Amino acid sequence: MVKKFIDSLARDKKDHIILGIIIGFPLVMLLGVYGGLIGILFVGAKEVVHDWLLKKGTPEWWDFIASAVPIIMFMILNYVYDIRLFIR
């Protein structure tokens, strides 16, 4: 079932997911929520500047979402981990 879902994703979306992981993980680990926000701004700027203004790609909301979801996931995991440490 998971393999079928992954196979159904377009290669472009898989590339954006990997981009979100590569950008998001270090930023969130180093800067927390602020790093996640920086990462989301970065992938949004990539869609606007590189794809839309410079016409070097096709700007798509789904590309932005595919890049932002891993960053948001890391932000949530980081938040939950911080809360767990605070409770102890």
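Let's start at Gly32, which sits in the loop between H2 and helix H3 (33-53). Helices here are DSSP runs of H or I with at least four residues, strands are runs of E with at least two, and both are numbered from the N terminus. The model is predicted, so local features are reported at pLDDT of at least 70 and side-chain atom pairs only at pLDDT 80 or more, while totals for chains, interfaces and linings use all residues. Residues are numbered from 1 along each chain as its sequence is written, and side-chain values use heavy atoms, with hydrogens and water left out.

**Gly32 and its surroundings**

Gly32 has a relative accessible area of 16% and is buried. The classes are buried for under 20% relative accessible area, exposed for over 50% and partly exposed in between, using a 1.4 Å probe and protein chains only. Apart from neighbours within four places in sequence, Gly32 is in contact with Leu27 and Asn78; contact means heavy atoms within 4.5 Å. The C-alpha atom of Gly32 is separated by 9.0 Å from that of Phe74, a residue 42 places away along the chain.

**The chain as a whole**

Stepping back, the chain holds four helices and zero strands, and its elements run α-α-α-α from the N terminus on. Along its principal axes, the C-alpha trace spans about 50 × 35 × 15 Å. Of the 88 residues in the chain, 27% are buried. The exposed surface comes to about 6700 Å², with carbon and sulfur atoms supplying 76% of it; these areas come from the Shrake-Rupley method with a 1.4 Å probe, and for residues only the protein chains shown count as cover. Among contacts between residues at least 6 apart in sequence, 62% join residues at least 24 apart.

**How H2 meets H4**

Helix H2 (residues 11-31) packs against helix H4 (residues 61-87) at an angle of about 35°, and their axes are 7 Å apart. Axes are lines fitted to C-alpha atoms, for helices over the stretch in contact, and angles run from 0 to 180 degrees between N-to-C directions. The crossing of H2 and H4 is right-handed, the term for a near helix turned clockwise from the far one by less than a right angle, with anticlockwise giving left-handed.

On the H2 side, the residues that meet H4 include Asp12, Lys13, His16, Ile17, Gly20, Gly24 and Phe25. The H4 side includes Trp62, Asp63, Ala66, Ser67, Pro70, Phe74 and Asn78. The residues of this contact divide into twelve nonpolar, five polar and three charged. In that grouping Ala, Val, Leu, Ile, Met, Phe, Trp, Tyr, Cys and Pro count as nonpolar, Asp, Glu, Lys and Arg as charged, and the others, Gly among them, as polar.

Ile22 is another residue of helix H2, and it is exposed, with a relative accessible area of 57%. The C-alpha atoms of Ile22 and Ser67 are separated by 9.8 Å, although the two residues are 45 apart along the chain.

**Salt bridges**

A search of the whole structure finds six salt bridges, each a side-chain nitrogen of Lys or Arg within 4 Å of a carboxyl oxygen of Asp or Glu.

Salt bridges that share partners join Asp12, Lys13, Glu60 and Asp63 into one network.

Asp7 and Lys3 both belong to helix H1 (residues 2-8), where they are four residues apart, about one turn of the helix. Asp7 is partly exposed, with a relative accessible area of 47%, and Lys3 counts as exposed at 60%. In the remaining pair of the table, Glu47 is buried, with a relative accessible area of 6%, while Lys46 counts as partly exposed at 25%.

**A positive phi at Lys55**

One last stop is Lys55, in the loop between H3 and H4. Most residues other than glycine have a negative phi. Phi of Lys55 is near 55°, a positive value in a residue other than glycine. Lys55 counts as exposed, at 65% relative accessibility.
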